[in-house]
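Here is a short report on one protein model. Keep the structure open while reading.

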Amino acid sequence: MKDLPIAPGPGVPEGLVIPAADLNERFARSSGPGGQGVNTTDSKVQLSIDLAATSALTDAQRRRALRNLDNRTSGTVLTVSVSTQRSQIRNRAEARERMAALLRQALAPPPPPRRGTKPTRGSVRRRLATKKHRSDIKAARRRPTFE
């Protein structure tokens with residue numbers, strides 16, 4: 001198994017390389033596509049990494065990844081299961097891509113807080129015009145009065 005590279009991006013300005021020793025790959029019988037071969041080959045791939053024990057992350061990155069991936073981890077272990085392809089090789093490649101994408105997204109810092117602004121005069125005018133139009137439509141549905 002090779003190292004897992006993570007492309008540079010927010011939170012990982014120089015990129016990141018997860019050593020192959022920190023990754024754990026398991027194979028199982030897949031329930032996905034494959035015809036009769038699905039009963040005989042272990043094409044499902046489960047790729048795991050222990051975020052607390054990996055040497056590739058700094059302490060700040062480790063805390064951010066554990067916080068952002070809290071609902072995806074079992075303890076501190078992040079696991080990605082792939083059984084969408086018929087062959088084990090393609091499932092292995094897809095599992096590595098998914099793992100890299102998850103980690104890259106988890107290591108990104110939160111967006112800056114939104115600064116509240118006053119609505120523009122045009123947007124207020126359009127909103128009120130839409131409300132008036134909707135009110136006229138509903139008023140036209142009412143029973144006519146005898147005046």
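## Terms for the pocket lining

Ala, Val, Leu, Ile, Met, Phe, Trp, Tyr, Cys and Pro count as nonpolar, and Asp, Glu, Lys and Arg count as charged. The others, Gly among them, count as polar. The model is predicted.

## The largest pocket

The largest pocket has a volume of about 160 Å³. Its lining consists of Met1, Lys2, Glu25, Ile89, Arg92, Ala93 and Arg96. By class, the lining has three nonpolar residues, four charged residues and no polar ones.

Which helix gives the largest share of this lining? Helix H2, residues 88-107, supplies four residues.

## Overall build

The protein has three helices and six strands. In sequence order they follow the pattern β-β-β-β-α-β-β-α-α.

The radius of gyration of the protein is 26 Å, whereas a compact globule of 147 residues would come near 15 Å. The C-alpha trace spans about 85 × 45 × 25 Å along its principal axes. Of the 147 residues, 28% count as buried. Take the contacts between residues at least 6 apart in sequence: 60% of them join residues at least 24 apart.

## Asparagine 91 in helix H2

Helix H2 also holds asparagine 91. Is this asparagine 91 buried or exposed? Asparagine 91 counts as buried because its relative accessibility is 0%, and the cut-off for buried is under 20%.

A polar atom of the asparagine 91 side chain lies 2.9 Å from the backbone nitrogen of glutamine 85. Glutamine 85 is also one of the residues that asparagine 91 touches, once residues up to four places away in sequence are set aside.

## Isoleucine 18 and threonine 54

Isoleucine 18 sits in strand S2. With 0% relative accessibility, isoleucine 18 counts as buried. Not counting residues up to four places away in sequence, isoleucine 18 touches Asp3, Leu4, Ile6, Leu23, Ile49, Thr54, Ala56 and Leu103. Leucine 107 is 89 residues from isoleucine 18 along the chain, and their C-alpha atoms are separated by 13 Å.

Threonine 54 belongs to the loop between strand S4 (44-50) and helix H1 (59-68). Why does threonine 54 count as buried? Its relative accessibility is 3%, and buried means under 20%. The side chains of threonine 54 and aspartate 22 are joined by a polar contact of 2.7 Å. Beyond its neighbours within four places in sequence, threonine 54 is in contact with Ile18, Asp22, Ile49 and Arg62.

## Glutamate 14, an exposed loop residue

Glutamate 14 is placed in the loop between strand S1 (4-6) and strand S2 (16-18). Glutamate 14 counts as exposed because its relative accessibility is 71%, and the cut-off for exposed is over 50%.

How far apart in space are glutamate 14 and valine 77? The C-alpha to C-alpha distance is 24 Å, and the two residues are 63 residues apart in sequence.

Definitions and conventions: Residues numbered from 1 in each chain as written. Predicted model: local features only at pLDDT ≥ 70, side-chain atom pairs only at ≥ 80, totals over all residues. Heavy atoms only, no water. 1 Å grid on protein atoms, 1.4 Å probe; cavity = no way out; pocket = protein on both sides within 12 Å on 5 of 7 lines; lining within 4 Å. Points joined across faces, edges and corners; volume = space filled by probe spheres on them. Helix = DSSP H or I, 4+ residues; strand = E, 2+ residues; numbered from the N terminus. Buried < 20%, exposed > 50% of the residue type's maximum accessible area, 1.4 Å probe, protein only. Polar contact = N/O pair within 3.5 Å; in protein donor to acceptor, adjacent residues only side chain to side chain. Contact = heavy atoms within 4.5 Å. Rg over C-alpha atoms; globule rule 2.2 N^0.38 Å.
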